[in-house]
Amino acid sequence: MRRLSLPLGKEAGMLRAGDLVFLTGEVVTARDRAHLRMLELLSRGEELPVDLRGGVLYHCGPLVRREGKGWRVLSAGPTTTLRMDPLLPSLLPRLGVRAVVGKGGVGEKTKGVMRRMGCVYLAFPGGCGALAAKAVEEVRGVHWLDLGPPEAMWVLGVRGFGPLLVAVDSRGGDLYERARRGRVEGARG
Amino acid sequence: MRGVTQREVEGACLELLRRASTRLPPDVKAALRRALRSERDPIARVNLEAVLENVEVAEREGLPLCQDTGLPLFYFRMRPSPELDPGKAAARAVRRATEEGILRPNTVHPLSRKNPGDNLGRGMPLVRFLPPDGEGMEITVMLKGAGAENVSRTAMLTPEEGVEGLREFAVRTVVEAGGKPCPPVIVGVGVGGTAEVSMELAKLALLRPLPRRHPEAPLRRLEGELEREINRRGSGPMGLGGRTTCLGVKVEYAHTHTASLPVSVNLQCWAARRASVRMEGGEWEWR
């Protein structure tokens, strides 16, 4: 088990499929609509509201509540990465992230891009929103609330965020592929 | 209905949403604990341990188990009553629950994707009426997340493909879904009727508690066989490998046209959030 601090450097490339990781630092959430908007802005040569270099892109649409002037994150598990997968090969290199957190894994093309970038895919256990919310220390910012709270981009300060399983590493190791190939031992049929 | 007021129905709907969002039904919890005992794969164990810890944290702190509180589905088992408007009660409860942070504002216009912010909008919330069971009223709420709903499938099989065709289709649907529906899932299979009836049946099947098998022996056997076959494939918790891809398979059927064999598969994630209340003669029984 490894405890890593964000932003990540080259150590991301050293992680191997099956490693267990807990993160401390800043993660940025995005899902369908935010991915489209990021690409739109970048292709017009505009800047994004957050610098994600060395950072972590978290596929998540948190459940939040306004408390006073700030926000409280009540539940914040991962969403399915594969919906955004077609956009990732062009988006990830421009963001320069070192890790993507989500569930369900990524496609072949994205895997190739991540390998070249030294970027890994970390799986947070799906549905574990309360557990994830407990690791959120503060909401540092929110952008694009016009998309609705789930689709907005949340900048979250996290401590001991996990368990995160390295599901796709930068050498092509892929736990999802392994699971698709392997049947339960001793099984018939 | 004598004794139950519109206000009480609304209050019951809100309480059901709170319970469903923050607590897992006891039968699902027990099945997850059994799954953890049977897993040797360290990765499957990490996932199931996190799931069980999440359930504990959510219950202890009153937090939504999952941020995807889904679309709430309301099932009313009642006789028609001129004094009650269950749809309106459900809608008001949904708006309140969204304000309280029990439900994430999930509903959007399907094409403009504009989010009204209150989980309402055209056709929302989803309300279904079931035949009454005795004098009282029973309300069930199920929260249906998109991860599991998005991998639903319907096949119009030929009668010649028969039960073998159903088996192949159901197993393939679950295995190909991989980690998307957040396994271990509960698998609802609806067979017969028309295309849309088979899907309604598949969804209704998800309301049946896990230990309860189909009352008819051939279907009971089919449920057991499908369950074992799916779990043999090794997709496992979160699609990351292991013995437990599904916690159970539930099959419901209706008669169909002699030329048809509609089969639908509807999955529910491990966070199979449902809650019921039975209101009869002034007594409220929560389940």
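**Exercise 1.** Describe how helix 2 (residues 26-38) of chain B and helix 3 of chain B pack, giving the angle and the distance between their axes.

*Solution.* Helix 2 of chain B packs on helix 3 of chain B at an angle of about 150 degrees, and their axes are 10 Å apart. Here axes are lines fitted to C-alpha atoms, for helices over the stretch in contact, and angles run from 0 to 180 degrees between N-to-C directions, while helices (H or I, at least four residues) and strands (E, at least two) are DSSP runs numbered from the N terminus. The two helices of chain B are therefore roughly antiparallel to each other, a term for angles over 145 degrees.

This is a predicted model, in which local features need pLDDT of at least 70 and side-chain atom pairs count only at pLDDT 80 or more, whereas totals for chains, interfaces and linings use all residues. Residues are numbered from 1 along each chain as its sequence is written, and chains are lettered from A in the order in which they are written.

**Exercise 2.** Find which residues of helix 2 of chain B meet helix 3 of chain B.

*Solution.* From helix 2 of chain B come Lys29(B), Leu32(B), Arg33(B), Ala35(B) and Leu36(B), and their partners in helix 3 of chain B include Leu48(B) and Val55(B); contact requires C-beta atoms, placed from the backbone, within 7 Å.

**Exercise 3.** State how many residues of chain B are in contact with chain A, and which helix of chain B gives the most.

*Solution.* On chain B, 43 residues are in contact with 42 residues of chain A. Helix 3 of chain B gives the most to this side of chain B, with 10 residues.

Methods:
Contact = placed C-beta atoms within 7 Å. Parallel < 35°, antiparallel > 145°, perpendicular 65-115°, else oblique.
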